Amino acid sequence: MEKRDTRIDEIINNLTIRNRSERIAIFIWGVFTYATAFSVFFSPQNIVTGGTTGLSLLVDKFLKIDTSIFVFVSSFVLLIIGYFLLGKENTIKTIFGVILLPIFLEFTSIFQIMFHLEISSLFLTIFFGGIIMGLGNGMIIRSGFSVGGFQTIYQIFYKYFGISIGKSTLLVNGILVFFSGIIFGFSSALYAIIGLYISSVVTDKVMLESSITKTFYIITEKEKEISQYIVENFGYGVTVLNAVGGYSNEEKKILMCAVPTRNYYELKDVVQKLDKEVFFLITDTYEIYGGV
């Protein structure tokens, strides 16, 4: 691969400076929204919706450990593990969330008293809780940052065992919900499933996507620069396809690559900056097998 074009570095730096404040603001608001949903709607009813927050409810049942303390300690341990198994860059994007989420969980716990919800309307409680949690989770993912916790486990499963993040999430959260049914009752597990489903649907809507991977088809005159950026920054391969314009009869190059949805906004911005005349299509991708 050729030495990186200094123009690419300049574009990336400009995008980073321009978007950093906006992304941080979205992330902070997303974490606050997520913590509010957990503290007001799920925690008082012992509804385990997965993640370290859900696990904290199971642990509290037997060990009486404060939720915010447990979430911080467990997420910090996973952060250290992630540093060695996933690398420094992943840790940097996660450490802010590892600190912020426990703080907001502690702060929003006072909302349990201010907004006490009657158990008789448990379905509505879970319904609106799922919507609010989905909003928060969607903003967190869209910001490009992470609150760590079980997300680190999902990434480790994907990197070392080839298990997709979606399947890892389903597996781990399924185990938590199963044990919540044993500890808090079968109806609690059913409500947890409803909450998880509603939250995942809303998260998808906030992210403007329904898959964890996006496939780009890029028609550009700057195929070398764009290919270099994708390979060096994301570590994903790029397939170059030969095509002919149906109207102009001109030969063109099409770049095809699949990237995680969390990198969707960054790649789209960089491609548009590198080539003002670029034309691309972006599609949801549900399964990838092999490679070229």
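In the hairpin of β2 and β3, which residue takes a positive phi? Select the six residues between the two strands: Asn249 is the one, with phi near 65 degrees. Helices (H or I, at least four residues) and strands (E, at least two) are DSSP runs, numbered from the N terminus.

The model is a predicted one, in which local features need pLDDT of at least 70 and side-chain atom pairs count only at pLDDT 80 or more, while totals for chains, interfaces and linings use all residues. Residues are numbered from 1 along each chain as its sequence is written, and side-chain values use heavy atoms, with hydrogens and water left out.

**Whole chain**

Display the protein chain as a cartoon; its secondary structure comes to eleven helices and four strands. Of its 292 residues, 45% are buried, where buried means under 20% relative accessible area, exposed over 50%, and partly exposed in between (1.4 Å probe, protein chains only). Among contacts (heavy atoms within 4.5 Å) with a separation of 6 or more, 75% are between residues 24 or more positions apart.

**The sheet**

Select the four strands next. They form an open sheet in the order β2-β3-β1-β4, with antiparallel pairing. Because β2 (239-244) and β4 (279-285) stand at the edges with a single partner strand each, one side of each has no neighbour in the sheet. Neighbouring strands are turned by 25 degrees against each other on average, direction ignored. Two strands are taken to pair if DSSP finds at least two bridges between them.

Begin with β2 and β3, which run antiparallel and are joined by six bridges. Val240 has its bridge partner in β3, namely Leu255. Then move to β1 (residues 213-219), which pairs with β4 in the antiparallel sense over seven bridges. Here Tyr217 has Leu281 of β4 as its bridge partner.

Stay in β1 and select Thr215. Is Thr215 buried or exposed? Thr215 has a relative accessible area of 7% and is therefore buried. Leaving aside neighbours within four places in sequence, Thr215 is in contact with residues including Met256, Cys257, Leu281 and Thr283.

Axes are lines fitted to C-alpha atoms, for helices over the stretch in contact, and angles run from 0 to 180 degrees between N-to-C directions.

**The largest nonpolar core**

A nonpolar core is a set of buried Ala, Val, Leu, Ile, Met, Phe, Trp, Tyr and Cys residues joined through side-chain atoms within 4.5 Å. The largest such core has 34 residues, of which Phe27, Val31, Phe42 and Leu101 touch the most other members. Elements giving two or more residues to this core include α1 (6-42), α4 (88-108) and α6 (122-143). With ten residues, α1 gives the most to this core.

Centre the view on Phe27. Apart from neighbours within four places in sequence, its contacts include Phe96, Leu100, Ile140 and Phe145.

**Two helix pairs**

Select α3 and α7, whose axes come within 9 Å and cross at roughly 25 degrees. That makes α3 roughly parallel to α7, since angles under 35 degrees count as roughly parallel, over 145 as roughly antiparallel, 65 to 115 as roughly perpendicular and the rest as oblique. Among the residues in contact are Leu78 and Ile81 of α3, and Phe150 and Ile153 of α7. The crossing is left-handed, meaning that the near helix is turned anticlockwise from the far one by less than a right angle; clockwise would be right-handed.

Next select α2 and α3. Their axes come within 9 Å and cross at roughly 125 degrees, which makes α2 oblique to α3. This crossing is right-handed. Thr52, Thr53, Leu55, Ser56 and Val59 in α2 meet Thr67, Phe70, Val71, Ser74 and Ser75 in α3.

**Two loop residues**

Finish with two loops. Between α1 and α2 lies Asn46, not a glycine, yet with a positive phi of about 55 degrees. Asn46 is partly exposed, with a relative accessible area of 30%. In the loop between α2 and α3, select Lys64, a residue other than glycine whose phi is positive, near 55 degrees. Lys64 is exposed, with a relative accessible area of 63%.
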